[in-house]
Structure formats: C-alpha cells, structure tokens
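Welcome! Please take a moment to look over the sequence and the model, and then read on for a short tour.

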Amino acid sequence: MAGPVWGRVPPRRGYLSGGTERRCRELLAAAAAGAAVLVPLCSVRGRPSLLYTLRCRSLLSGPHSGDVSFPGGKREASDSDAVATALRETREELGLELGEGSVWGMLRSLPDRQGMLVVPVVANLGPLENLKLSPNPEEVAETFTLPLAHLLQEENQGYTHFRTRGRYGYTLPVFLHGPHRVWGLTAIITELTLELLAPERYHRKTHVPGRHLAAPPRRA
C-alpha cells in the first residue's frame with residue numbers, strides 16, 4: 001500500500017518542484033481573516049529559501065516595528081480575499097507585482113498579538129536573481145533570505161517557554177543564526193511552512209496547552 005502523500009519527502013532541491021507544488025496546493029485551503037501575509041518561497045542561486053523583511057523601527061506607532069516579518073497587513077475594503085490582501089501588501093512593501101498564478105494556497109489563520117486573525121498565503125516567487133526588489137523605506141528596513149536547508153538544521157532551531165501566573169504556559173519556535181532572529185508569529189508561520197514542505201524533517205516546537213495547532217491534513 002502506498003504511503004500518504006503528506007509523508008513523501010522531496011529531495012532538498014525539490015522543495016519547490018512541480019510535484020511539491022501540486023501536493024501543497026491540494027493541502028492548502030481557503031481562509032478568511034482580517035489580515036494576511038505572503039509567505040515568499042524563492043530560490044537563491046538554486047537553493048530553496050524563504051524571503052523575510054525587517055520592519056522599520058521608525059514605525060513607532062505600530063506593534064511590529066523592528067520585527068522580522070513577512071510582507072502583509074490588514075485587509076482593505078477593496079481586497080476581494082486574503083490572497084488579494086497579501087499580493088497588494090507585497091506590492092506596496094517590496095515593489096513586486098505578483099500574479100495569482102504564483103500563489104499555492106493559504107495556511108490556516110493564526111491570531112497575532114492583538115488577537116486579529118492573520119492568513120498566511122504561500123507563494124513561489126521563483127529565482128530571486130530574476131526579480132527586482134524595491135523595498136518601501138517607510139515600512140521595510142531590510143530584506144534577507146534564509147535557505148530551507150538552514151531552517152531545517154536542528155542547530156538553527158530553538159524555542160522559548162513562556163510562563164503565565166507563575167506556571168508553564170506555552171512554547172513558541174525561534175529560528176537562529178541568520179542575519180536576524182526569527183520569532184513570534186513569523187516563526188510560527190515559518191514552522192507551518194516547513195511542516196508543509198518537509199513533513200518528515202521538521203519537528204514542531206509550538207505547544208499551546210488546550211489549543212491544537214493542526215498541520216495540514218494528511219492525504220491517503
């Protein structure tokens with residue numbers, strides 16, 4: 001009997017292959033929320049990677065100033081859905097005009113620090129060398145990439161235990177040893193993306209008592 005599709009692990013350079021794309025598109029579902037971010041898969045000199053932004057510290061009025069993040073923001077009335085929000089925000093922040101054909105689908109929505117539900121929209125930008133990034137200096141201080149191979153190495157994975165009322169509360173992932181530490185909601189989305197792309201290689205760090213952070217369903 002054939003094993004589940006979800007458990008078939010692509011070769012390291014196959015994380016962004018056509019076969020992986022088809023499998024991920026089947027697993028990713030539609031979702032609705034008040035905000036969306038783009039999870040930008042890309043390749044850098046042939047190495048599958050994720051593209052991150054560093055928010056400007058000058059955004060003092062915003063809760064995410066100085067944070068590592070993915071391009072994204074609140075849904076506007078003109079946005080037809082979460083995909084439209086993520087693509088618009090990516091255009092405004094990075095100057096990238098992406099078509100819906102680059103979008104693989106949506107991970108499940110997650111609450112941010114203010115309790116707003118955020119939909120991560122997974123998209124493949126292709127080779128980064130073929131793109132011209134024009135970061136908006138009012139929002140983005142820096143862009144950088146991390147290879148998936150780097151993120152999948154255990155020595156680059158950490159976690160933070162949080163206590164509430166003097167008792168163990170929950171555990172969240174942290175990704176280390178890159179240009180900047182990846183933590184918070186961005187780290188959780190990174191974790192879900194790694195589970196999607198390499199389910200046999202990445203082992204979840206997130207643990208929230210009483211809440212089940214489900215991975216995309218396995219398919220027979």
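This is a predicted model: local features need pLDDT of at least 70, side-chain atom pairs count only at pLDDT 80 or more; totals for chains, interfaces and linings use all residues.

Residues are numbered from 1 along each chain as its sequence is written, and side-chain values use heavy atoms, with hydrogens and water left out.

**The fold**

The protein has four helices and 10 strands; helices (H or I, at least four residues) and strands (E, at least two) are DSSP runs, numbered from the N terminus. In sequence order the pattern reads α-β-β-β-β-α-β-β-β-β-α-β-β-α. Of the 220 residues in the protein, 50% are buried, where buried means under 20% relative accessible area, exposed means over 50%, and partly exposed lies in between (1.4 Å probe, protein chains only). The protein exposes about 11100 Å², with 51% of it supplied by carbon and sulfur atoms; such areas come from the Shrake-Rupley method with a 1.4 Å probe, and for residues only the protein chains shown count as cover. Among contacts with a separation of 6 or more, 64% are between residues 24 or more positions apart; a contact means heavy atoms within 4.5 Å.

**The cores**

A nonpolar core is a set of buried Ala, Val, Leu, Ile, Met, Phe, Trp, Tyr and Cys residues joined through side-chain atoms within 4.5 Å. The largest one here has 36 residues, and Y52, W104 and L151 have the most contacts inside it. Among the elements that each supply at least two of its residues are helix 1 (18-27), strand 1 (35-44), strand 8 (140-147) and strand 10 (167-175). Helix 4 gives the largest share, seven residues. Beyond its neighbours within four places in sequence, L151 is in contact with L50, Y52, L146, Q157, F175, T190 and L194. A second, separate core has 21 residues, including A33, A86, A123 and L125.

**The aromatic rings**

How many aromatic pairs does the structure hold? There are four. Rings of Phe, Tyr and Trp (its six-membered ring) pair if their centres lie within 6.5 Å; planes under 30 degrees apart count as stacked, over 60 as edge-to-face and the rest as tilted. Two of the pairs are set out here.

| Pair | Centre to centre | Angle between planes | Class |
|---|---|---|---|
| Y52 and F70 | 4.9 Å | 25° | stacked |
| F162 and Y170 | 4.7 Å | 15° | stacked |

Y52 sits in strand 2 (residues 47-55) and F70 in the loop between strand 3 (68-69) and strand 4 (72-74), so this pair, 18 residues apart, links distant parts of the chain. Y52 is buried at a relative accessible area of 0%, and F70 is buried at 2%. Together with F144, Y52 and F70 form one aromatic cluster. In the other pair, F162 is partly exposed at 30% relative accessibility, and Y170 is partly exposed at 29%.

**Two single residues**

A polar atom of its side chain lies 3.1 Å from the backbone oxygen of L176. Leaving aside neighbours within four places in sequence, H150 is in contact with N156, L176, H177 and G178.

P127 belongs to strand 7 (residues 117-127) and is partly exposed, at 37% relative accessibility. P127 and L41 are 86 residues apart in sequence, yet their C-alpha atoms are 9.3 Å apart in space.

Conventions. A polar contact is a pair of N or O atoms within 3.5 Å; within protein, one must be able to donate a hydrogen and the other to accept it, and residues adjacent in sequence count only if both atoms are side-chain atoms.
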